[in-house]
Amino acid sequence: MAKKDERVIETRLGRVRLPENQVLSFPRGLIGFMGHKEFTLLQVREESPFLVLQSLSDPSLGLLVADPYLFLTDYEVVIGEADLRALGVDSREQVTVLVTVTIPQGMPERTTLNLSGPIVINNAARIGLQIPQTEGRYPSHFTPGMTPPGKKNASRAASHDQEGASVTSDTPKDAD
C-alpha cells in the first residue's frame, strides 16, 4: 500500500512507487497529449542517458526523453517572457531541458532527437512546459552524431533575447 505522500503507478516499466515530490505538472499538457497534465521522470536504466516522461493518468503513455546537451553541447532554447512567467524562472540553473527521442525498433542507429520541441522543467516548482522553437534552427529529427545545425543562424537566435530568454549551456543539467 502507498504511503500518504506517495502514489503507486503502473508504467510500461512496471509498477512504481512515486513520492509526491516527483510529480511534474504540465498545465498545458504536451503537444499531441493536451489532456495529460501530470507526469514523472523515470530512469530507463542506471547507465542510460534516456528517461521516460511517464503520464500519471495513462500507463501506456511514456515518452522517451534525454538531456540534449549530452548530444549537442551548443543547443539553445529560446523561452518567451510568457513562458518564463508560467515556469516561474529567470535562469538556466533553475530548469532541466529535455527533448523527446525516437528509437525505431531494431534500428538504434536511426535514433533521432526532436530539437524543435524541447520540454523545459522548473526543478524547484516541478512545473513543465513544452516550448516549440519557431525559428526553424533545429530539426524535429536530429540524428546524434550528425553535423550540428549551422552556426549561421546563431545571430538570429541571439536577437530573440529582446523578446525572451535564450537558455544555453555548455554543461548538461541533470534531470531530477
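**Contacts and aromatic pairs in a predicted model**

Modeller: Among contacts (heavy atoms within 4.5 Å) between residues at least 6 apart in sequence, 54% join residues at least 24 apart. This is a predicted model in which local features need pLDDT of at least 70 and side-chain atom pairs count only at pLDDT 80 or more, while totals for chains, interfaces and linings use all residues. Residues are numbered from 1 along each chain as its sequence is written, and side-chain values use heavy atoms, with hydrogens and water left out.

Biologist: Where in the protein is Gln133 found, and is Gln133 buried or exposed?

Modeller: Helices (H or I, at least four residues) and strands (E, at least two) are DSSP runs numbered from the N terminus, and Gln133 is found in the loop between β11 (127-130) and α2 (154-159). Buried means under 20% relative accessible area, exposed over 50% and partly exposed in between, with a 1.4 Å probe and protein chains only. Because the relative accessible area of Gln133 is 12%, this residue is buried.

Biologist: Which backbone nitrogen does the side chain of Gln133 reach?

Modeller: A polar contact is a pair of N or O atoms within 3.5 Å; within protein, one must be able to donate a hydrogen and the other to accept it, and residues adjacent in sequence count only if both atoms are side-chain atoms. A polar atom of the Gln133 side chain lies 3.0 Å from the backbone oxygen of Ile131. Leaving aside residues up to four places away in sequence, Gln133 touches Glu76, Val77, Val78, Leu115, Ser116 and Pro118. The backbone nitrogen that the side chain reaches, at 2.7 Å, is that of Val78.

Biologist: How many aromatic pairs does a search of the whole structure find?

Modeller: Rings of Phe, Tyr and Trp (its six-membered ring) pair if their centres lie within 6.5 Å, and planes under 30 degrees apart count as stacked, over 60 as edge-to-face and the rest as tilted. By that rule, the number of pairs found in the whole structure is four.

Biologist: Why is the pair of Phe50 and Phe71 stacked, and how many residues apart in sequence are the parts that this pair ties together?

Modeller: The ring centres of Phe50 and Phe71 are 6.4 Å apart and their planes meet at 15°, so the pair is stacked. Phe50 is buried at 17% relative accessibility, whereas Phe71 is partly exposed at 27%. Because Phe50 lies in strand β5 (residues 50-55) and Phe71 in the loop between β6 (62-66) and β7 (76-80), the parts tied together are apart in sequence by 21 residues.
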